[in-house]
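Please open the model in your viewer and keep the selection tool at hand. The tour below goes from one selection to the next and says what can be found at each stop.

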Amino acid sequence: MAYPNTLMEALGIETVTMTKEKVQLTMPVDKRTRQPFGYLHGGASVALAESAASIGASLHADLQTQAVFGIEINANHIRSIKNGEVTATALPIHIGKSTMVWEIKITDAENWLLCVSRCTIGVITKEK
């Protein structure tokens with residue numbers, strides 16, 4: 001699924017798997033996602049993680065009447081890379097009516113763990 005005119009498009013993030021139980025997204029490590037010293041930018045990893053959690057949360061919400069928003073995110077950057085592609089795998093920890101919590105692991109092509117993140121998503125009723 002494509003998300004035109006979004007941060008996901010700007011960073012080259014693509015959907016691999018999108019179910020209520022698991023969301024997987026990929027992102028290239030290139031000029032759009034590197035920090036000034038040539039490595040994957042931690043902020044790009046956080047954007048990837050929150051995107052995966054938000055998509056997962058949206059699958060549990062009624063998007064006709066509800067909206068989902070990131071409330072809190074943390075990330076532990078364990079290692080980094082200069083080139084290639086990274087994959088975020090988001091799994092739900094808690095699915096509630098007003099909040100959801102997702103764990104996201106970001107790995108490289110060799111399945112090395114680069115980042116582990118936890119994201120809390122808020123679910124609100126849309127204004128009429």
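Rings of Phe, Tyr and Trp (for Trp, its six-membered ring) count as a pair if their centres lie within 6.5 Å, and planes under 30 degrees apart are called stacked, those over 60 edge-to-face and the rest tilted. By that rule the structure holds 0 aromatic pairs. This is a predicted model, in which local features need pLDDT of at least 70 and side-chain atom pairs count only at pLDDT 80 or more, while totals for chains, interfaces and linings use all residues. Residues are numbered from 1 along each chain as its sequence is written, and side-chain values use heavy atoms, with hydrogens and water left out.

**Charges over rings**

Select Arg79 and Trp112, where Arg79 lies over the face of the ring at 4.2 Å from its centre; a charge sits over a ring if NZ of Lys or CZ of Arg is within 6 Å of the ring centre and within 35 degrees of the ring normal. Then select Lys82, whose charged end sits over the ring of Tyr39, 4.8 Å from the centre.

**The sheet**

Show the strands next, bearing in mind that strands (E, at least two residues) and helices (H or I, at least four) are DSSP runs numbered from the N terminus, and that two strands pair if DSSP finds at least two bridges between them. You will find an open sheet of 6 strands in the order β1-β2-β4-β5-β6-β3, with antiparallel pairing. Its edge strands are β1 (14-18) and β3, each of which pairs on one side only.

Select β3 (residues 66-77) together with β6 (residues 113-125), which run antiparallel and are joined by 11 bridges. Here Glu72 stands opposite Thr120 in β6, and Asn74 stands opposite Arg118 in β6. β5 and β6 form a hairpin with 5 residues between them, and Asn111 in the turn has a positive phi of about 70 degrees.

Move to Thr26, which is in strand β2 (residues 23-29). Is Thr26 buried or exposed? Thr26 counts as buried because its relative accessibility is 10%, where buried means under 20% relative accessible area, exposed over 50% and partly exposed in between (1.4 Å probe, protein chains only). Leaving aside neighbours within four places in sequence, its contacts (heavy atoms within 4.5 Å) include Val16, Leu48 and Val86.
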